[in-house]
Amino acid sequence: MPLFIQGRELGRIRSTEELFSKYPHLQEHARTFRSRPLVEVDPKCLLYVQQREFATTTPADEYVSVIGSDDATTCHLVVLRHTGSGAACLAHCDGSRTWSEVQLIVKAVASLRNVFKDGRFELHLVGGFNDDARTSHKLSLSILAFQKQEQDIHLETCCITDMNDMVENGIHKPVVYGIGVNVKTGEVFPASFPQKGPAEELRSARTFTGGQMADIYDSDHGLVKIDPCKWSPDMDIALWLSQSDDTILKCLSTSPMAEPPHFVQHIKSTIQFILAHPNSDSLFPGRQPQLYHRNQSGDWERLLRS
């Protein structure tokens, strides 16, 4: 089925410039969206999604009020929500396997519709900028694979690439790096996150070592679930810890001039975690996932198996 914009079927689009030219209201909506104040989300109501992760829940969730993600430069942040059930999914896509990732997102929201027959699927896209390599443009076009899904999907927010670009001291950067979706109301908003757990370093290590898109949340039981992942104990990565910040940015980022200030430290922390745990199997006794639940204080706490 097609992707709809204001009730009109989206035809073939060859560039983001063409998309915004054909649908000028998307430009106005994007300008309004990116001008909204940044909301710092309370960690006690947050489910944070890292790169190559997604999470889905409904308004009935007692443990999560906001799903959020940030640090997106060329990456795109995707929210798909069903207006009947209120089921919402947020994904952080980096272009690794976009076609299959789109299918996972749609399936995740559709699976939580239950008996709701009314309502529609609404899509919100945020991220990317006018980077020199046009990595953002390529991801923007590939992520419009939503128009090839079985369900009718309505594009509501499209603050991507051209419309998420700013120039600061002659350097192109994203305007919005992060978003949240309020799972109770469906509101999507620019956001930042002082905490990015649980198990931030482990999840970063999974992505750094080639892990693909992962569903991290069991909404039926309110559990963050980190499935077993594996990396080679012989990874030759220690040398990166002695490299300059400029070298790390140049070699390990798709957009070295646009990364947030903590990018290099994040990379180093991830490498240090991998070096401290060369045998990834030790992190998953019995090859069982790590599970986290929200305790009475509102923090994510690991559930240890007896």
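Helices and strands here are DSSP runs, numbered from the N terminus. The model under review is predicted.

1. **The loop between E14 and H5.** Ala-199 sits in the loop that links E14 to H5. Ala-199 is not a glycine, yet its phi is positive, at about 50°. Pro-198 is found in the loop between E14 and helix H5 (200–208) as well. The peptide bond joining Gly-197 and Pro-198 is cis, with omega about 5°. Check both features against the model above.

2. **Another positive phi.** Asp-71 has a phi near 65°, a positive value in a residue other than glycine. Asp-71 belongs to the loop between strand E6 (66–69) and strand E7 (76–82). Its relative accessible area is 25%, so Asp-71 counts as partly exposed.

3. **The buried side of H2.** Helix H2 spans residues 24–34, and its buried residues are Leu-26, Gln-27, Ala-30 and Phe-33. Why do they fall on the same side of H2? Because they cover an arc of only 125° around the axis.

4. **The nonpolar cores.** In soluble globular proteins, nonpolar side chains tend to be buried together. The largest nonpolar core in this model has 77 residues. Those with the most contacts inside this core are Val-78, Leu-80, Leu-123, Phe-146, Ile-179 and Leu-202. Leaving aside residues up to four places away in sequence, Leu-202 touches Ile-226, Cys-229, Trp-231, Phe-273, Leu-283, Phe-284 and Gln-290. There is also a second, separate core of seven residues, and Tyr-48, Val-66, Ala-191 and Phe-193 are among them.

5. **Cysteines.** A disulfide is a covalent bond between the sulfur atoms of two cysteines. How many disulfides does the model have? The count comes to zero. Cys-45 is in no disulfide, and the nearest cysteine sulfur, that of Cys-89, is 18 Å away. The cut-off for a disulfide is two sulfur atoms within 2.5 Å. Cys-45 is partly exposed, with a relative accessible area of 22%.

6. **Cys-229.** Cys-229 is buried, with a relative accessible area of 9%. Cys-229 is also one of the residues that Leu-202 touches.

Terms used. Residues are numbered from 1 along each chain as its sequence is written. This is a predicted model: local features need pLDDT of at least 70, side-chain atom pairs count only at pLDDT 80 or more; totals for chains, interfaces and linings use all residues. Side-chain values use heavy atoms; hydrogens and water are left out. Buried means under 20% relative accessible area, exposed over 50%, partly exposed in between (1.4 Å probe, protein chains only). Helices (H or I, at least four residues) and strands (E, at least two) are DSSP runs, numbered from the N terminus. The arc is that of the directions from the helix axis to the C-beta atoms. A nonpolar core is a set of buried Ala, Val, Leu, Ile, Met, Phe, Trp, Tyr and Cys residues joined through side-chain atoms within 4.5 Å. Contact means heavy atoms within 4.5 Å.
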